[in-house]
Amino acid sequence: MSDHDDESSLGRIETEVALLMRFGEATRRATGTAEHRVLDRAAYVILRHLADAGPQNVSALAARLNLDGSTVTRQVSALHRDGLIVRAPDPTDGRGTVISPTPAGLQRMAAVQAARTRLYGDMLADWSPEDRANLATLLGRLNQALINRNRPR
């Protein structure tokens, strides 16, 4: 592959990622089912991470999501106020707290996840299982590259 071809590919990637973000948000807003709206994007991402990783302190959560601690603290406070997470003493540091999803938080997160899975299933119905698997792999690699890029050195 020549440098020109690689630069052309990188330009296409930049454009496609920008469009993906734009169209993804537009699709989320336009979807008529209430299941998509039971959590905002920030709450969904936090609850998904907690469901996968287990209880976390705010600092660990902020680092994983590449967000400022004060931003995560505000989001966590809203989740706590809505009964979607609980706080408990940090078993490794008695001065701190860890947060965990409540059953209600997990239920809402699962509803959004199921609705999104159905939506992508509908949109990608004419894709082969191999193409879907390849897309999932490549998106995972892209997300990992973004994490690595944004990780403090």
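Modeller: By relative accessible area, a residue is buried under 20%, exposed over 50% and partly exposed in between (1.4 Å probe, protein chains only). This is a predicted model, in which local features need pLDDT of at least 70 and side-chain atom pairs count only at pLDDT 80 or more, while totals for chains, interfaces and linings use all residues. Residues are numbered from 1 along each chain as its sequence is written, and side-chain values use heavy atoms, with hydrogens and water left out.

Colleague: In which accessibility class does A110 fall?

Modeller: A110 belongs to helix α5, where helices (H or I, at least four residues) and strands (E, at least two) are DSSP runs numbered from the N terminus. The C-alpha atoms of A110 and Y44 are 9.3 Å apart in space, although 66 residues separate them in sequence. Because its relative accessibility is 37%, A110 counts as partly exposed.

Colleague: In what order do the elements follow one another from the N terminus?

Modeller: The chain has 6 helices and 2 strands, and its C-alpha trace spans about 55 × 40 × 25 Å along the principal axes. Of its 153 residues, 20% are buried. Read from the N terminus on, the elements run α-α-α-α-β-β-α-α.

Colleague: How many bridges join β1 to β2?

Modeller: Two strands pair if DSSP finds at least two bridges between them. A hairpin joins β1 to β2 through 2 residues, and D90 stands opposite D93 in β2. For the antiparallel strands β1 (residues 85-90) and β2 (residues 93-101), the number of bridges is 6.

Colleague: Which element gives the largest share of the lining of the largest pocket?

Modeller: On a 1 Å grid over the protein atoms alone, a pocket is an open set of points where a 1.4 Å probe fits, with protein on both sides within 12 Å along at least five of seven lines, and lining residues have an atom within 4 Å of a point. The largest pocket holds about 2400 Å³ of space, and of its 44 lining residues the closest to its centre are R41, V45, R116, Y120 and N143. Two or more lining residues come from each of α1 (3-30), α2 (41-53), α3 (58-65), α5 (103-123) and α6 (129-150). The largest share, 11 residues, comes from α6.

Colleague: Over the ring of which residue does the charged end of R116 sit?

Modeller: A charge sits over a ring if NZ of Lys or CZ of Arg is within 6 Å of the ring centre and within 35 degrees of the ring normal. R116 is one of the residues closest to the centre of the largest pocket. At 4.2 Å from the ring centre, the charged end of R116 sits over the ring of Y44.

Colleague: What is the phi of N66?

Modeller: N66 lies in the loop between α3 and α4 (69-81), and counts as partly exposed because its relative accessibility is 43%. Most residues other than glycine have a negative phi. For N66, a residue other than glycine, phi is positive, at a value near 55°.

Note on methods. Grid points are joined across faces, edges and corners, and a volume is the space filled by probe spheres set on the points.
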